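Subject: Handover of a structure and findings

Dear colleague,

Please find below the structure that I am passing on to you, together with an account of what was found in it. I would be grateful if you could read the notes alongside the model.

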Amino acid sequence: MKGGTVQINWHDTQPVLSLDFHPHSGLLATAGNDHDIKLWEITWGESEKKLPTASYQKSLSYHSSAVNILRFSPSGEHLASGADGGELIIWKLHASDDGYTWKVLKTLSFHRKDVLDVQWSVDGAYLVSGSVDNSCIIWDANKGSVHQILDGHLHYVQGVAWDPLGQYVASLSSDRTCRVYVNKPQAKLKGYEKLNYVSQHVITKSELQRHEDSKPPSKSHLFHDETLPSFFRRLAWAPDGSFLLVPAGIYRNSSASEVLNTAYIFSRKDLSRPAVQLPGASKPIVVARFCPVLFHLRGSNSDGFFKLPYRVIFAVATFNSLYIYDTESTPPIAIFAGLHYAAITDIAWSNNAKYLALSSRDGYCTIIEFENDELGIPFSVAGTSKTMNPIDVSKSDVTDQMEIEMPAASKVDVAADKKASLGNQSQSTTTMKTSDTKKPTKRITPIAID
């Protein structure tokens with residue numbers, strides 16, 4: 001594992017706000033404050049000490065304002081980019097004399113203010129976008145039209161995520177709520193079921209444990225408020241759909257305790273309340289992204305919390321640090337700190353899991369390269385259920401495997417659709433805490449930028 005900040009002129013020294021790898025060619029697309037999208041070819045460092053390099057390929061110029069988000073479609077045929085002022089563009093890949101070119105296919109117009117996040121459906125037929133106008137919009141990518149508006153949030157929608165199994169859409173807002181929408185298809189029309197997402201859960205608060213039995217339990221918010229100095233709260237689904245990872249979390253053990261930063265993991269089996277919270281970071285966690293490759297179990301930690309037949313690897317970023325986690329290990333498997341002089345804005349994994357890239361408001365990107373099989377041996381899910389008991393949250397199974405940080409932390413305040421029966425059961429949120437015997441973490445020393 002090696003990497004660091006690649007000191008080239010990414011976007012005329014202006015903030016780099018988003019990035020994504022093409023699923024087939026491996027080209028890295030970056031978006032910045034200079035209104036452009038740029039494509040880069042990433043090549044591996046030949047020697048142990050040599051960092052990966054980025055070679056400029058071409059620019060996609062159309063936006064008239066800062067580009068906040070870009071994502072390639074699963075097929076790689078299209079690219080969606082969202083910008084300030086509500087601009088949302090779908091680009092299409094075309095063959096040309098010099099190999100390929102990207103041309104504007106659709107201009108999606110409805111958002112009244114800045115588009116902050118975008119996610120494709122797994123079949124590439126739909127998009128969901130989140131905006132400063134407090135709404136999420138599901139778009140028909142083929143028609144270039146609005147399919148459905150989800151307007152439940154009361155403040156900026158800073159993150160959206162589409163379940164890879166197609167059942168759910170999730171959104172995260174600076175109104176301190178995470179909303180989960182479930183697809184309840186409308187009647188078939190000409191043999192076609194129309195997508196129809198309805199609110200199932202609105203996760204906002206949890207009850208604090210009180211030592212004084214005479215006092216009623218108080219409630220604490222699960223997420224940072226609008227004063228969080230970031231326009232992005234990028235949440236993500238695991239590639240197999242087994243769980244949802246939500247950043248910008250906060251927690252405390254009691255009403256008098258210090259507020260700590262965290263990210264919450266929600267099991268697909270119960271999206272009404274968090275099942276796991278990651279260890280408290282020194283800064284707020286603002287971005288989460290999963291490695292698209294699943295890996296064979298190593299058998300190194302039989303007491304792991306996640307009950308999966310394979311390993312899932314994911315990364316979360318705070319303003320200034322990157323943490324890489326493995327579902328077979330409790331502590332992070334790697335930590336990179338001090339890489340940038342300004343806030344990290346996005347994370348991207350290459351489709352073969354060889355590269356992990358970060359973008360930052362300081363105008364630079366970091367690229368981390370993994371050696372062959374360093375992360376493990378890829379696992380094929382052919383013939384395997386993709387959601388086999390993804391997270392076992394029963395207290396009897398968890399207490400011996402993880403330190404229960406909030407014993408009665410318990411009732412999460414969830415507003416639900418009237419048709420959804422959530423009950424009033426108490427719940428325990430398990431904390432993945434690093435122990436004194438944790439494995440040594442990797443650290444990269446920052447390089448001064450002249």
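How do the residues of the lining of the largest pocket divide into nonpolar, polar and charged? They comprise 23 nonpolar, 7 polar and 8 charged residues; here Ala, Val, Leu, Ile, Met, Phe, Trp, Tyr, Cys and Pro count as nonpolar, Asp, Glu, Lys and Arg as charged, and the others, Gly among them, as polar.

Before going further, please note that the model is predicted, that local features need pLDDT of at least 70 and side-chain atom pairs pLDDT 80 or more, and that totals for chains, interfaces and linings use all residues. Residues are numbered from 1 along each chain as its sequence is written, and side-chain values use heavy atoms, with hydrogens and water left out.

The largest pocket

The volume of the largest pocket is about 950 Å³. Its lining holds 38 residues, of which Pro74, Gln119, Pro239, Arg289 and Pro292 are the closest to the centre. A pocket is an open set of points on a 1 Å grid over the protein atoms alone, where a 1.4 Å probe fits, with protein on both sides within 12 Å along at least five of seven lines; lining residues have an atom within 4 Å of a point. Grid points are joined across faces, edges and corners, and the volume is the space filled by probe spheres set on the points. The elements that give two or more residues to this lining are β2, β6 (67–72), β10 (115–120), β14 (157–162), β21 (236–237), β25 (285–290) and β29 (344–349). Strands are DSSP runs (E, at least two residues), numbered from the N terminus.

Strand β3 (residues 28–32) is largely enclosed by the rest of the structure, because 5 of its 5 residues are buried. Buried means under 20% relative accessible area, exposed over 50%, and partly exposed in between (1.4 Å probe, protein chains only). In a regular strand the side chains alternate between the two faces of the sheet. In β3 both faces are covered, with Leu28, Thr30 and Gly32 buried on one side and Ala29 and Ala31 buried on the other.

Two strands pair if DSSP finds at least two bridges between them. Strand β2 (residues 16–21) pairs with β3 in the antiparallel sense over 5 bridges, and Val16 has Gly32 as its bridge partner. The hairpin of β2 and β3 has 6 residues between the strands, and Gly26 there takes a positive phi near 80°. Strand β4 (residues 36–43) also runs antiparallel to β3, joined by 4 bridges; Leu28 stands opposite Trp40 in β4.

Which residue in the turn of the β3 and β4 hairpin has a positive phi? That residue is His35, in a hairpin with 3 residues between the strands. His35 counts as partly exposed, at 31% relative accessibility. Arg176, in the loop between β15 (168–173) and β16 (178–183), has a positive phi near 75° in a residue other than glycine. Arg176 is buried, with a relative accessible area of 18%.

Salt bridges

The count comes to 10 salt bridges, each being a side-chain nitrogen of Lys or Arg within 4 Å of a carboxyl oxygen of Asp or Glu. One of them joins Asp346 to Arg71, with the closest N and O atoms 3.0 Å apart. Asp346 lies in strand β29 and Arg71 in strand β6, so this pair ties together parts that are 275 residues apart in sequence. Both residues are buried, Asp346 with a relative accessible area of 0% and Arg71 with 5%. Asp346 also forms a salt bridge with Arg234, where the closest N and O atoms are 3.6 Å apart. Arg234 lies in the loop between β20 (219–221) and β21, so this pair ties together parts that are 112 residues apart in sequence.

A further salt bridge links Asp326 and Arg311 (2.8 Å, N to O). Asp326 lies in strand β27 (residues 321–326) and Arg311 in the loop between β25 and β26 (313–318), so the parts tied together are 15 residues apart in sequence. Salt bridges that share partners join Arg71, Asp117, Arg234 and Asp346 into one network.

Yours sincerely
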